[in-house]
Amino acid sequence: GSQVRRRRECAECKGRFTTFERAQLTMPNIIKRGGGPEPFDEDKLRRGMSHALFKRPVSPDALDHAVENVMRKLRQSGEREVPSRQLGEWAMEELRDMDHVAYVRFASIYRSFEDVNAFRDEIERLQRLPTPEQRKSQMQLIDPGRDVPADAPEPGRKPRSRG
């Protein structure tokens with residue numbers, strides 16, 4: 001859904017070819033830990049996630065999908081600047097759903113683990129979380145695609161009587 005595929009034909013040689021087109025959307029700047037802004041770099045995100053996935057049984061398509069999900073979250077934030085910490089958290093969420101080893105690899109660098117105990121704590125926290133399959137099978141309490149009328153009562157509250 002992030003690109004358009006077009007079949008074209010050369011007017012001179014009649015050769016056919018395919019092009020893939022993507023909208024070039026403005027991405028927010030990333031605020032680094034030192035405080036300075038930096039333009040978002042998709043290649044840098046992909047490289048970081050790819051290093052974590054090195055020699056792991058994850059397809060390139062799954063990595064592409066994860067990078068697209070992080071970029072979608074960036075765009076949906078609606079912010080002009082996003083802290084690098086938030087970008088890292090989104091990347092770790094995607095890696096956690098793909099491969100736990102890759103997640104721990106990324107987290108160890110991103111969170112600057114100092115010793116073996118930091119690894120152990122992260123692995124224990126990871127084991128307490130529901131698996132991606134469990135999260136997918138859980139029923140959502142709120143349908144994100146459903147429009148809620150402005151005058152609808154908050155969940156758990158009774159509507160006020162109009163009289």
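Modeller: A pocket here is an open set of grid points with protein on both sides within 12 Å along at least five of seven lines. The model we are discussing is predicted.

Biologist: What is the volume of the largest pocket?

Modeller: Rolling a probe the size of a water molecule over the atoms shows where empty space is left. For the largest pocket, that volume is about 570 Å³.

Biologist: Which residues are closest to the centre of the largest pocket?

Modeller: The lining of this pocket consists of 21 residues. Those closest to the centre are Lys32, Lys44, Gly48, Phe106 and Tyr110.

Biologist: Which element gives the most to the lining of the largest pocket?

Modeller: Two or more lining residues come from each of strand S4 (37–39), H1, H3 and helix H4 (100–110). The lining as a whole has 10 nonpolar, 4 polar and 7 charged residues. With 6 residues, the element that gives the most is H1.

Biologist: In what order do the elements of the protein run from the N terminus?

Modeller: The protein has 6 helices and 5 strands. Read from the N terminus on, their order is β-β-β-β-α-α-β-α-α-α-α.

Biologist: How many Å apart are the end C-alpha atoms of helix H2?

Modeller: Helix H2 covers residues 60–77, which makes 18 residues.

Biologist: Which residue follows H2?

Modeller: The residue in question has a positive phi, near 75°. It is Gly78.

Biologist: Is Glu93 buried, partly exposed or exposed?

Modeller: Glu93 lies in helix H3. Between Glu93 and Val70 there are 9.1 Å in space, C-alpha to C-alpha, and the two are 23 residues apart in sequence. The relative accessibility of Glu93 is 30%, so this residue counts as partly exposed.

Biologist: What percentage of the residues of the protein count as buried?

Modeller: The protein exposes about 12,700 Å², and carbon and sulfur atoms supply 50% of that area. Of its 163 residues, the part that counts as buried is 25%.

How values were computed: Residues numbered from 1 in each chain as written. Predicted model: local features only at pLDDT ≥ 70, side-chain atom pairs only at ≥ 80, totals over all residues. Heavy atoms only, no water. Helix = DSSP H or I, 4+ residues; strand = E, 2+ residues; numbered from the N terminus. Expected span 1.5 Å × (residues − 1). Buried < 20%, exposed > 50% of the residue type's maximum accessible area, 1.4 Å probe, protein only. Areas by Shrake-Rupley, 256 points an atom, 1.4 Å probe, with all protein chains shown as cover. 1 Å grid on protein atoms, 1.4 Å probe; cavity = no way out; pocket = protein on both sides within 12 Å on 5 of 7 lines; lining within 4 Å. Points joined across faces, edges and corners; volume = space filled by probe spheres on them. Nonpolar A, V, L, I, M, F, W, Y, C, P; charged D, E, K, R; others polar.
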